[in-house]
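Please look over the sequence and the model first.

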Amino acid sequence: MAGKKYYVVWSGRKTGIFETWAECELQTKGYQGARFKSFPTIEEATMAFKGGYVKTSSAGPKKTISKEKPSAISIDMDSISVDAACSGNPGMMEYQGVYTKTGEQIFHYGPVLGTNNIGEFLGIVHALSYLKQKEKNTTIYSDSRTAIAWVRNKKANTTLERNMKTETVWSLIERAEKWLKENSYSNKVLKWETSQLGEIKADFGRK
C-alpha cells in the first residue's frame, strides 16, 4: 500500500515493530525517554530494530524522516589493492598492485595475452610474494571472487587454451601455482565490495 510505514520502538511500554502510527503512539505517548522512528519498508525497520537506537524522533505519521545510511564497511587503508584489465576474453591483459591509501603503484605487469581472471590471480600472488620478501603481514584486496578462490585453492582453474600465443601467461600461472604450494603466508586476501565501496584503488579506469 502506498505510503505505508513501519514504526520501530526501541524504548516504550512495549518495544518492537508496529505497522500503524496508532500502535506506535500507544507505546510511546507519555512514556518518558521514548525512542522510536518510522521506516518505509519492513526490511529497513527490522535492520534498524536489530541495530539499536540511532536518533530520537518525535515525528507523527505525516512527518518525513530521513533514512539512516547503512554502516560503512571497515577498510584497512594500509593495504595493497590489485586489479587486472583485459581487452577481450582472451585478450591483451595486464595487472597492477597499488597502495590502497595513496594509489601509488607498487608493481605492474603486461600486457600479455590472457584473461581478466588470470590477471587478477597473478596480481594477488605477485602481491603475496612481494609482501613475503618485505616480511609484511599486509592485507590484500581484490574485486575478483574467482581469483581469490583460485589463490585459496592454489590452482588457477582457467579454461584458456595453451598454445604458442598463450605460453607466456601459462608459464606465469605455473610459477604462481608453484609459489603458492611452496610458501605459507598470513596475509588476509579480502574481497573489495565494489557495489558499496566504488571501484578498487588499483582499477585501470577503462570501463
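The notes below cover the annotated pair, then the backbone exceptions.

## Basis

This is a predicted model, in which local features need pLDDT of at least 70, side-chain atom pairs count only at pLDDT 80 or more, and totals for chains, interfaces and linings use all residues. Residues are numbered from 1 along each chain as its sequence is written, and side-chain values use heavy atoms, leaving out hydrogens and water.

## The annotated pair

An unreviewed UniProt entry lists Asp83 and Asp203 under "binding site". The two are spread over 121 residues of sequence, yet they cluster in space, with a largest C-alpha distance of 5.7 Å. UniProt positions follow the numbering used here, feature names are shortened, and annotations may be inferred rather than shown by experiment.

Asp83 sits in strand S4, residues 80–88. Helices (H or I, at least four residues) and strands (E, at least two) are DSSP runs, numbered from the N terminus. Asp203 falls in the segment after helix H6 (194–197).

## Surroundings of the pair

Asp83 is buried, at 3% relative accessible area. The classes are buried (under 20% relative accessible area), exposed (over 50%) and partly exposed (in between), with a 1.4 Å probe and protein chains only.

Contact means heavy atoms within 4.5 Å. Neighbours within four places in sequence are left aside for both residues. Asp83 then contacts Glu94, Tyr95, Gln96, Glu120, Asp143, Ile200, Ala202, Asp203 and Phe204. Asp203 contacts Asp83 and Gln96.

## Cis peptide bonds

Most residues other than glycine have a negative phi, and most peptide bonds are trans. Asn89 and Pro90 are joined by a cis bond, with omega about 5°. Pro90 is in the loop between S4 and strand S5 (91–99).

A cis bond also runs from Gly110 to Pro111, with omega near 5°. Pro111 belongs to strand S6, residues 105–114.

## Positive phi

Which backbone angle is positive in Glu135, a residue other than glycine? The angle is phi, near 55°. Glu135 lies in the loop between helix H3 (116–134) and strand S7 (140–142). Glu135 is exposed, with a relative accessible area of 75%.

Lys154 is not a glycine, but has a positive phi of about 60°. Lys154 is placed in the loop between helix H4 (145–153) and helix H5 (167–182). Lys154 is partly exposed, at 35% relative accessible area.
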